[in-house]
Amino acid sequence: MNVEIYSRRHETFRATETIGRRPSIPSRFYGVDLRNRRCDCRRFQTLHYLCAHVVAACAKVKLNVEQFVDDVYTLERTLRVWENEFPVLPDLSTWEVPSTTFELVQSRGLRRNPRGRPQSSRIRNKMDIREKFDGKRCRLCRLAGHNRSKCPQRNYHIGQSSRSGRN
């Protein structure tokens, strides 16, 4: 991290991230504003969590990083959360479990049909609808309305048929 001081009075910095960067990839720049608790990576203001850019800016001007740690991440707050006692669960053998008063019956309509081609369960939208085409095209002349065997140009395409040498 390379940190440049923009304004010591306003506590604004520009952090250049160069760690782990290949020479072909340009460096990334992040603006850090310690007074307003903001960084361009947005981790500082959204999560109230110190990002590497803030730590580097504090190290540059020899500020104590702990003053920027949010109260949520302090040890006292964490201990306060866990100071409540959790009730101990009684022995499993003493649990009252109601007996089942109903019987599960499987619906045959919900079963999968094992025979035949698998059906797609995909929901189709406008993108999946293909435009209507008048018919198939001939593989010899690429015109619509007939196929290769009925092509009027068939005699001109001698040698392109993969079957026999008929004209």
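Visitor: What should I know about the model and its mean pLDDT?
Guide: Welcome! This is a predicted model, in which local features need pLDDT of at least 70 and side-chain atom pairs count only at pLDDT 80 or more, while totals for chains, interfaces and linings use all residues. Residues are numbered from 1 along each chain as its sequence is written, and side-chain values use heavy atoms, leaving out hydrogens and water. With pLDDT being the predictor's confidence in each residue, from 0 to 100, 88% of the residues reach 70 or more, and the mean for the chain is 82.

Visitor: Which residue just after α2 takes a positive phi?
Guide: Helix α2 spans 52–60. Just after α2, the residue with a positive phi, of about 60°, is Lys62.

Visitor: How far apart are the closest N and O atoms of Arg122 and Asp128?
Guide: Side chains of opposite charge can pair when their charged atoms come close. A salt bridge here is a side-chain nitrogen of Lys or Arg within 4 Å of a carboxyl oxygen of Asp or Glu, and the structure holds 1. Arg122 is partly exposed at 46% relative accessibility, and Asp128 is partly exposed at 23%. In the salt bridge between Arg122 and Asp128, the closest N and O atoms are apart by 3.2 Å.

Visitor: Which residues form a nonpolar patch on the surface?
Guide: Patches take residues with over 30% relative accessible area and no salt bridge, joining like charges within 9 Å and nonpolar side chains (Val, Leu, Ile, Met, Phe, Trp, Tyr) within 5 Å. Areas come from the Shrake-Rupley method with a 1.4 Å probe, and for residues only the protein chains shown count as cover. One member, Tyr73, lies in the loop between α2 and α3 (75–82) and has a relative accessible area of 40%. Together having about 400 Å² of accessible area, the patch residues are Leu47, Tyr49, Val72 and Tyr73.

Key
Helices (H or I, at least four residues) and strands (E, at least two) are DSSP runs, numbered from the N terminus. Buried means under 20% relative accessible area, exposed over 50%, partly exposed in between (1.4 Å probe, protein chains only).
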